[in-house]
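Colleague: I'd like to learn how to read a structure like this one. Could you take me through it feature by feature?

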Amino acid sequence: MSLLEKISSPSDLRRLDTEQLPQLCKEIREYLVQCCAVNPGHLGSSLGAVEIAVAVHYVYNTPQDKLIWDVGHQAYAHKLLTGRREAFVYNRKLGGLSGFPNRYESKYDAFGTGHSSTSISAALGFSVAASLRGTGEKCVAVIGDGAMTGGLAFEGLNNAGATDADLLVILNDNGISIDKNSGALSNHLLKITTSQTYNRIKKNIWDITGATALRRMIQRFVKNLRHAFIPTPSGPLFTALGFRYFGPVDGNDVLKLVSALQRLKEMGGPRLLHVVTKKGKGYMAAEADQVTWHAPGLFDPLTGKRIGHDSSVSRYQDVFGETLLELARADERIVGVTPAMASGCGMNLLMKEIPSRCFDVGIAEGHAVTFSAGLAAAGMLPFCNIYSSFAQRAYDNIVHDVVLQGLKVVLCFDRSGLVGEDGATHHGVLDIPSLRSLPGLTICSPLNEVELRNMMYSATLPSWGPVVIRYPRGYGEGLQWRNLPMEEIPYGKAHLISEGRSVAILSLGPLGNRAEEAALKFEADYGCRPLHYNMRFVSPVDTDALKHAAEAADVFVTIEDGNVEGGLFGAVSEYVAANAMDVRVIPVGVKGEFIPQGTQKELYHICGSDIEGIYAVLQKNFKK
């Protein structure tokens, strides 16, 4: 048996000799590559963090000691070591493992982390609770250099540094290196400053000198001496926040990591270990192209060749990226803003051609929105692209900094609706209910690629104020949209797809295409068809369209890719109730639950939002 096959829990791992750990890391990488080749996931980050997972579980007594992973992209090795190796082949599948740490899945997942920058705050909570209860639990937070750019991470650091919490933060620097490793001297000083003898002597000196001028003089001397030998910019930053800083250390050397953690484990107070890792470590293709191999999709594990999709069908992010570039070429006011999603949303095209007017602000959605508001107040026309689920972190900024001031910011919410295998933490189903009540904010969603292009153009016109354009993850309808002239969409107006009677379909966004297929199937089967409006706008909702629909039908079926409570169903129901219309409103969408991971097709079926589900609603409610 391989070493990995013998491990069903961290207690099995801790029975290994330290000399066996490099071989175990190698086997974990091989297993991750084999699994992710046929069942895609977040590969690059997890390959880089294998040694961190092994070292922490080897040194700390998990699950009594708490390990919290930031985001969770890097936690696949953690799952393999905590009893989920065989189940990992079903990672991110319907009924299988979550792609992220999940408290409902394992006692080793101390805290759910699907979004970034939360680990330090959560770990501080665990540490303070352990102190209050007197349980003696240790707490470790593993955060990447990208997640460290999030404002919440610094809020957690600032708070934790002012306490005596027994908290270790491991900064996994796998991308843009914060510090360069200063070599043998740095490694030697790391051993000294983490040694029990050094820290025991230091504590004795502090106890003897007390809070006196002598102690302060000694502290200044030690601090200046350390900075003279280790000229790293990050050390003083974390020290200023109240943390003891150690590192940088090679995070892909498991033996060095184990040694450092064994020394740091027995220290008290907030401390930070800076480890430098390589994203994609151990798999040549992933090391060479770290952006693509963050989540590469299907690939051949032997050759590293990715298995692609039909390139003749555009993704919505392609439509956004190319259209934004066209608009920016024609209007010098237009700028692009993205919180660390330039490639994912398509804004990398603008960044490449007009870099002075494209800004990647890091994982900082709130800042991205307020920065955009500042640009708008100064006369620019910002397109701020945020994944829908991540925009939840910018709610206050959208309310106070954009909408309250009536500033013309075009908020483009990519990955709206059910995103698929990333699951509940990433589904963009809460954007409409959370934002629809804001006065003066327009919320719209395109039926297809052409309509997205036209919505982006229309949003630049003077008649449109602050606006949210939401569109889904993945591929469009296969329409030809490139080089088409952009056309203005009448503000707040729905588009009548077909006349009909008895039932009125009121659809929002690309699901309207599935609704139209269901309506055509119903017409073929029964010789009559429902009325169908592509609503386009949910705020403001087109009341003229609702009045017209009520003349032909006594049942409205609202269809949307999101939570129906507060969504299009909510908007239509409110109008129907306020005007005492003799119409029943039936929702199709997400209904009062968090939807798990699975393919988009599977999840639409669960919600009754696919062709079969919509057809069944028509069958049930159409009156001949």
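Predicted model: local features only at pLDDT ≥ 70, side-chain atom pairs only at ≥ 80, totals over all residues.

Colleague: Now helix packing. At what angle do α2 and α5 cross?

Modeller: Axes are lines fitted to C-alpha atoms, for helices over the stretch in contact, and angles run from 0 to 180 degrees between N-to-C directions. Angles under 35 degrees count as roughly parallel, over 145 as roughly antiparallel, 65 to 115 as roughly perpendicular and the rest as oblique. Helix α2 (residues 21-38) and helix α5 (residues 76-84) cross at roughly 105°, and their axes come within 10 Å. That makes α2 roughly perpendicular to α5. On the α2 side the contact uses L24, I28, Y31, L32 and C36, and on the α5 side Y76, A77, L80 and L81.

Colleague: What kinds of residues make up the contact of α2 with α5?

Modeller: Ala, Val, Leu, Ile, Met, Phe, Trp, Tyr, Cys and Pro count as nonpolar, Asp, Glu, Lys and Arg as charged, and the others, Gly among them, as polar. This contact has nine nonpolar residues, no polar and no charged.

Colleague: Why is α5 said to be largely enclosed?

Modeller: Eight of its nine residues are buried, so α5 is largely enclosed by the rest of the structure. Those buried residues are Y76, A77, H78, K79, L80, L81, T82 and R84. Their cover includes α1 (10-13), α2, α3 (43-48), α4 (50-59) and β1 (66-69).

Colleague: How about α21 and α25: what is their packing angle?

Modeller: Helix α21 (residues 511-526) packs on helix α25 (residues 611-621) at about 50°, with the axes 8 Å apart. That makes α21 oblique to α25. The α21 residues in contact are R514, A515, E517, A518, A519, K521, F522, D525 and Y526, and α25 brings I611, I614, Y615, L618 and Q619. By class, the residues of this contact are nine nonpolar, one polar and four charged.

Colleague: Next, aromatic rings. How do I describe a pair?

Modeller: You describe a pair of aromatic rings by the distance of the centres and the angle of the planes. Rings of Phe, Tyr and Trp (its six-membered ring) pair if their centres lie within 6.5 Å; planes under 30 degrees apart count as stacked, over 60 as edge-to-face and the rest as tilted. By this rule there are 16 aromatic pairs. In W293 and F299 the centres are 4.7 Å apart and the planes at 75°, so the pair is edge-to-face. W293 is buried at 3% relative accessible area, and F299 is buried at 2%.

Colleague: Is the pair of Y316 and Y471 stacked, edge-to-face or tilted?

Modeller: Their ring centres are 6.3 Å apart and their planes at 35°, so this pair is tilted. The pair links distant parts of the chain: Y316 is in helix α14 (residues 316-330) and Y471 in strand β11 (residues 467-472), 155 residues apart. Ring pairs also link F522, Y526, Y615 and F622 into a cluster.

Colleague: Last one: is L508 buried or exposed?

Modeller: L508 counts as buried, at 2% relative accessibility. L508 sits in the loop between β13 (502-507) and α21. Setting aside residues up to four places away in sequence, L508 touches I432, S445, R536, F537, V538, I559, E560 and L568. For contrast, M284 in helix α13 (residues 284-288) counts as exposed, at 72%.

Methods
Residues numbered from 1 in each chain as written. Heavy atoms only, no water. Helix = DSSP H or I, 4+ residues; strand = E, 2+ residues; numbered from the N terminus. Contact = heavy atoms within 4.5 Å. Buried < 20%, exposed > 50% of the residue type's maximum accessible area, 1.4 Å probe, protein only.
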